[in-house]
Amino acid sequence: IPPLEDKNVVSTDAVVTLTADSLDTGMVSLQQCYRNLDAVPEVDVVYRYKNMQLLQIVSSGNIADAKVAGNSVQLKDVTKGAFVCIAADVQLLEEIAVNTYVMSFGPYYRRFLDGYYPYHATVSISYPEELLDFSVVSPLPRPHFEVVRKPGELLVDTWFEGILQIDIAFKSKARD
């Protein structure tokens with residue numbers, strides 16, 4: 001969907017940092033913020049990564065109580081304009097074929113009863129350009145699903161309604 005002027009649209013921004021070790025372990029550094037959360041008495045943000053370490057809440061606002069419980073962040077008394085930001089090390093990079101790696105994000109969605117509501121998601125990735133080349137993103141870029149490439153960096157910025165899964169593939173360069 002086209003970007004909305006309404007500043008109350010739920011949004012997620014993820015910042016992922018890959019290192020040379022990520023190619024061997026699959027582990028990356030993740031910083032993620034959820035903004036403009038819906039006002040609700042309780043909500044859990046549950047992560048389903050194969051491996052997650054050092055999950056911590058970095059900051060939050062307009063939330064009476066926020067705590068980490070296992071691979072989830074539990075929020076209580078969430079009010080209008082609430083946000084929560086986390087940091088963790090997660091196993092997100094997967095070698096799916098020789099020298100081909102994929103990272104998957106999502107599914108992202110905002111659903112209530114029988115409908116979906118607008119969502120804004122950004123994913124920013126920094127990677128060692130001497131070791132990896134960006135290959136492809138799914139879904140393919142289109143209006144309101146933008147992909148910006150710079151050396152060693154990739155940014156996906158999208159507005160949507162429904163369910164969105166983002167898959168990003170890289171090819172490794174020759175390694176000693």
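Tutor: In this predicted model, phenylalanine 134 and phenylalanine 170 are both buried, so let us begin with them, since buried means under 20% relative accessible area.

Student: How are the rings of phenylalanine 134 and phenylalanine 170 placed relative to each other?

Tutor: Planes over 60 degrees apart count as edge-to-face. Here the ring centres of phenylalanine 134 and phenylalanine 170 lie 6.3 Å apart with the planes at 80 degrees, and therefore the pair is edge-to-face.

Student: Which parts of the chain does that pair tie together?

Tutor: Phenylalanine 134 belongs to strand S11 (residues 132-138) and phenylalanine 170 to strand S14 (residues 164-172), so the pair joins parts that are 36 residues apart in sequence.

Student: How many aromatic pairs does a search of the whole structure find?

Tutor: The search finds five aromatic pairs. One of them is formed by tyrosine 108 and tyrosine 119, a tilted pair with 5.9 Å from centre to centre and 45 degrees between the planes. Because tyrosine 108 lies in strand S7 (residues 100-108) and tyrosine 119 in strand S10 (residues 119-126), this pair ties together parts that are 11 residues apart in sequence.

Student: Are tyrosine 108 and tyrosine 119 buried or exposed?

Tutor: Tyrosine 108 and tyrosine 119 are both buried, and ring pairs link Tyr108, Tyr119 and Phe160 into a cluster.

Student: Which residues form a nonpolar patch on the surface?

Tutor: Residues in a patch have over 30% relative accessible area. The patch consists of Tyr109, Tyr116 and Ile163, which together have about 300 Å² of accessible area. Tyrosine 116, in strand S9 (residues 115-116), is partly exposed, with a relative accessible area of 31%.

Terms used
Residues are numbered from 1 along each chain as its sequence is written. This is a predicted model: local features need pLDDT of at least 70, side-chain atom pairs count only at pLDDT 80 or more; totals for chains, interfaces and linings use all residues. Side-chain values use heavy atoms; hydrogens and water are left out. Patches are made of residues with over 30% relative accessible area and no salt bridge: like charges are joined within 9 Å, nonpolar side chains (Val, Leu, Ile, Met, Phe, Trp, Tyr) within 5 Å. Accessible areas come from the Shrake-Rupley method with a 1.4 Å probe; for residues, only the protein chains shown count as cover. A salt bridge is a side-chain nitrogen of Lys or Arg within 4 Å of a carboxyl oxygen of Asp or Glu. Helices (H or I, at least four residues) and strands (E, at least two) are DSSP runs, numbered from the N terminus. Buried means under 20% relative accessible area, exposed over 50%, partly exposed in between (1.4 Å probe, protein chains only). Rings of Phe, Tyr and Trp (its six-membered ring) pair if their centres lie within 6.5 Å; planes under 30 degrees apart count as stacked, over 60 as edge-to-face and the rest as tilted.
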